[in-house]
Amino acid sequence: MSEEAETAPPAGATAVGRSRAATIARWVIPFLVSGSLLAWILSGMDVGRVFERVTLEVAMVFVPALLGFVVVALFIEAVCLVLVVSQSVAFSSLLLAARIKAASYLLSIINYALGAGALAVLLRRRAGMPLAEAAGSVFVIGLFDLGSLLAFVVVGLALMGTDTPGVQAGVVALAGAAIVAGFAFLRAPVSMGPLDRLRELKIFRAARTLPIALLIRLGLLRGFFVGGFIVLAWATLAAFDVSVPMLPLIVNTCVMLLVAALPIAAAGLGTGQLVFVALFERWAPAETLLAASLLLSFGMIVTRSTLGLLFAREFASEAIAHREDVDA
């Protein structure tokens with residue numbers, strides 16, 4: 001055996017090392033991206049002027065609006081989970097649905113995809129769903145979130161006419177059409193040959209089998225969810241004495257949410273601020289817009305982190321229940 005072979009690490013150890021490096025990168029990179037973007041944005045502004053805009057008067061308007069949104073949003077999330085999950089397993093508790101959704105907020109701070117994965121794991125544990133079906137239920141709700149955002153943007157752009165700076169209506173409409181086409185493909189009552197095996201995957205079961213009436217209700221609920229965030233954005237801007245016409249407010253807020261949901265920055269920090277300032281620049285100074293955007297982002301992070309920590313016990317519920325049974 002050669003000296004190189006004797007000193008080379010085992011193949012398994014190399015694979016484990018690469019897996020650990022990939023995991024670390026997946027957690028660290030979003031924070032690096034957020035930090036870099038925020039540093040770049042702040043470098044072109046007077047930081048003191050940004051933070052001096054956050055006053056007690058601003059907080060007195062913003063905080064009640066934020067808390068109201070968080071409560072209403074969590075209620076809508078719980079109702080949506082019960083609607084979708086109860087089609088597969090016995091699951092009717094709005095309180096349990098709200099608790100597991102709140103627990104998933106801890107990982108959604110990193111990005112939307114990690115939060116969705118955590119929610120699927122919790123549904124498997126607490127609702128007794130197969131993991132693939134739980135992921136499918138979360139996937140359907142996420143699709144309706146995306147569809148609601150795109151619908152608001154398309155309708156808003158149509159009503160605004162040609163005055164749509166920075167937004168390409170055709171691209172947005174195409175993305176919405178792709179979602180509709182995907183549902184049509186999954187639910188088509190005809191055989192598609194080899195593609196039937198794809199349609200029959202458990203992760204697509206919810207999208208393939210949920211009743212149309214339920215999907216309509218789900219769409220309306222997710223629309224109210226997005227509408228609630230638009231109201232929160234309006235209240236945040238109003239707290240800083242920034243007045244934006246309703247249609248641009250709707251379109252720009254939804255575009256910001258679409259960009260912030262991209263899994264490249266932690267909780268959309270940095271990307272959200274960049275888009276927020278660019279889209280609303282005609283209505284207020286950049287320092288004011290950045291202050292409003294940072295307050296909105298950090299307000300959401302703090303409230304959702306608090307909820308996540310309060311209900312983090314959900315991740316260990318099975319182990320806690322088992323220990324209690326043993327102790328008894």
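Glu314 is buried, because its relative accessibility is 5% and the cut-off for buried is under 20%. This is a predicted model. Glu314 takes part in a salt bridge with Arg99, with N and O 2.8 Å apart. Glu314 sits in the loop between H14 and helix H15 (317-327), while Arg99 belongs to helix H5 (residues 94-108), so the pair ties together parts that are 215 residues apart in sequence. Arg99 has 23% relative accessibility, so Arg99 counts as partly exposed.

Glu314 also forms a salt bridge with Arg126, where the closest N and O atoms are 2.7 Å apart. Here too the pair links distant parts of the chain: Arg126 is in helix H6 (residues 112-127), and 188 residues separate it from Glu314 in the loop between H14 and H15. Arg126 is partly exposed, because its relative accessible area is 29%.

Now for another pair. Asp145 and Arg222 form a salt bridge, with their closest N and O atoms 2.6 Å apart. Asp145 lies in helix H7 (residues 131-160) and Arg222 in helix H11, so this pair ties together parts 77 residues apart in sequence. Asp145 and Arg222 are both buried. They also belong to a network of salt bridges that links them with Glu77 and Lys101. In total, the model has five salt bridges.

| Glu314 | Arg99 | 2.8 Å |

Next come two helices. Helix H4 (residues 56-85) packs with helix H14 (residues 286-310) at an angle of about 45 degrees, and their axes are 11 Å apart. That angle is why H4 counts as oblique to H14. The crossing of H4 and H14 is right-handed.

The surface has its own feature. Which residues form a nonpolar patch there? They are Ile212, Ile216, Leu220 and Phe224. Together they have about 450 Å² of accessible area. Take Leu220 as an example. Leu220 is placed in helix H11, which covers residues 212-239. Is Leu220 buried or exposed? Leu220 is exposed, because its relative accessible area is 53% and exposed means over 50%.

Helix H11 therefore holds both Leu220 and Arg222. Leu220 is exposed, whereas Arg222 is buried.

How values were computed:
Residues numbered from 1 in each chain as written. Predicted model: local features only at pLDDT ≥ 70, side-chain atom pairs only at ≥ 80, totals over all residues. Heavy atoms only, no water. Patch = residues over 30% accessible without salt bridge, like charges linked within 9 Å, V, L, I, M, F, W, Y side chains within 5 Å. Areas by Shrake-Rupley, 256 points an atom, 1.4 Å probe, with all protein chains shown as cover. Salt bridge = Lys/Arg side-chain N within 4 Å of Asp/Glu carboxyl O. Helix = DSSP H or I, 4+ residues; strand = E, 2+ residues; numbered from the N terminus. Buried < 20%, exposed > 50% of the residue type's maximum accessible area, 1.4 Å probe, protein only. Axes fitted to C-alpha atoms, helices over the stretch in contact; angles between N-to-C directions. Parallel < 35°, antiparallel > 145°, perpendicular 65-115°, else oblique. Left-handed = near helix turned anticlockwise from the far one by under 90°.
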